[in-house]
Amino acid sequence: MSGKLNSPLGLSSIQSAVPESYVLPPEKRPTAVPPCKTIPVIDLQGLDRDRTDLIQQIIKASQEYGFFQLTNHGVSEELMRDVVVVGQEFFELPVKEKERFYYRDPKQICKFKTSINYEQEEVHFWRENFTHPCHPLEDYIDHWPQNPVRYREVFGSYTVEVRKVGLLLLDLICEGLGLECGYFEGDLSGGMVMNTNYYPLCPDPSLVLGLPKHGDPYLLTLLNQGHVPGLQVLKDEQWLEVEPIPNTFVVNINHMLQIISNGKLKSADHRVVPSSVSARTTVVNFIRPTNDCLVGPAKSLLVKNCSPPLYKTITFGDFISTYGTKTHQGIDPLERVML
Ligand code: OGA
Ligand code: NI
């Protein structure tokens, strides 16, 4: 089993060159990103002053970029910092500790892996990943790691706080789209996934990717990217760097929100470039529908706009099991459910 964990776990800073199995073909390598262009920053404090204006900012950013940065969201600086620190501590544990969670069975609650699909992919990606469900908390927390010792406490508190921010954003999006009040409540936002990524220090980031171009298949993503840059978003066929801003969430629209909004909101593709200066740890939460929840273009939007549905209505479970793993293989899941 430890053979599977060889890379990139064994890479870390002592490695002087990128191993062959991580080197991408030239056409897939990251190219330089123009500076100074970035995604919108939205200040949630504006909610008290002008709710309508803030909602418009969110809808505009979600239409044009599919991404925005969210400041003054109410999660404490301490918790934002601690969750990245404890996340990083997990990845720095001895291999034997992490091996207990190594991904063997899709039914496993906590899953640890390197790259994306280490066994099957042609070229590996420069990351480690740890993922597990996190809502409802009491259903899952007893399965989470007890090492690092603060894992359950910090990730537990963080999850509860992030969910509040996510549900508030969904309420504002609901209002901005003109959907009936509470549209996203219940099964549509009934689950949440915790996804922690670790991109080890890389001797030559021009040859590799931490994550290839992909869209997130859930409803909404809230990402805490710490202080090391590396995330890039595709906008008008150009890659834009998402600059780390302290205490800020990077928020992005997922496939299900693009479907529900009948294409009005955009689930933008993004990728990760590792750093030659510092290892990078990111803590990502996906709000997701439950497996048997039916997802399709919202009826009231179709009627209001007199427009035909662009996508089929499917259960989230079918969508994720058929296409969820394909988004990293260059297949666009949204194209597969287009009418
Ligand atoms: C993801 C993702 C970005 C990052 O986990 O889906 O896009 O910066 N992560 O880690
Ligand atoms: Ni992503």
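Visitor: What is the relative accessible area of Tyr183, and how should I read such a value?

Guide: The general idea is a scale with two cut-offs: a residue is buried under 20% relative accessible area, exposed over 50%, and partly exposed in between, using a 1.4 Å probe and the protein chains only. Tyr183 has a value of 22%, and therefore counts as partly exposed. Please keep in mind that this is a predicted model, in which local features need pLDDT of at least 70, side-chain atom pairs count only at pLDDT 80 or more, and totals for chains, interfaces and linings use all residues. Residues are numbered from 1 along each chain as its sequence is written, chains are lettered from A and ligands numbered from 1 in the order in which they are written, and side-chain values use heavy atoms, with hydrogens and water left out.

Visitor: Where along the chain is Tyr183 found, and what does Tyr183 touch?

Guide: To answer the first part we need the elements, which are DSSP runs numbered from the N terminus: helices (H or I, at least four residues) and strands (E, at least two). Tyr183 sits in the loop that joins α6 to β5. For the second part, contact means heavy atoms within 4.5 Å, and, leaving out residues up to four places away in sequence, Tyr183 touches Cys174, Leu188, Ile260, Gly296 and Ala298. Ala298 is 115 residues from Tyr183 along the chain, yet their C-alpha atoms are separated by 9.0 Å.

Visitor: How do I read a nonpolar core, and which residues touch the most other members of the largest one?

Guide: In soluble globular proteins, nonpolar side chains tend to be buried together. A nonpolar core is a set of buried Ala, Val, Leu, Ile, Met, Phe, Trp, Tyr and Cys residues joined through side-chain atoms within 4.5 Å. In this model the largest such core has 95 residues, and Phe184 and Phe249 touch the most other members. Helix α6, residues 151-177, gives the most to this core, with twelve residues.

Visitor: Which residues are in contact with Phe249?

Guide: Leaving aside neighbours within four places in sequence, the contacts of Phe249 include Phe68, Leu70, His73, Tyr158, Val165 and Leu222. His73 lies in the loop between β2 (67-71) and α3 (77-91), and is buried because its relative accessibility is 9%.

Visitor: Which backbone atom does the side chain of His73 reach?

Guide: Here we look for a polar contact, a pair of N or O atoms within 3.5 Å; within protein, one must be able to donate a hydrogen and the other to accept it, and residues adjacent in sequence count only if both atoms are side-chain atoms. The side chain of His73 reaches the backbone oxygen of Asn247 at 2.8 Å. Asn247 is found in the loop between β9 (238-241) and β10, and has a positive phi, near 60°, although Asn247 is not a glycine. At 30% relative accessible area, Asn247 is partly exposed.

Visitor: Which residue in the loop between β3 and β4 could I look at next?

Guide: Ser115 lies in that loop, between β3 (111-114) and β4, and has a positive phi of about 55° without being a glycine. With a relative accessible area of 0%, Ser115 is buried.

Visitor: Which residues come nearest to ligand 1?

Guide: A residue is near a molecule or strand if one of its heavy atoms lies within 4 Å of it. Around ligand 1 there are 14 residues, of which Asn195, Tyr199, His270, Arg280 and Thr282 come nearest.

Visitor: Which element gives the most residues to the shell around ligand 1?

Guide: That element is β12, with four residues.
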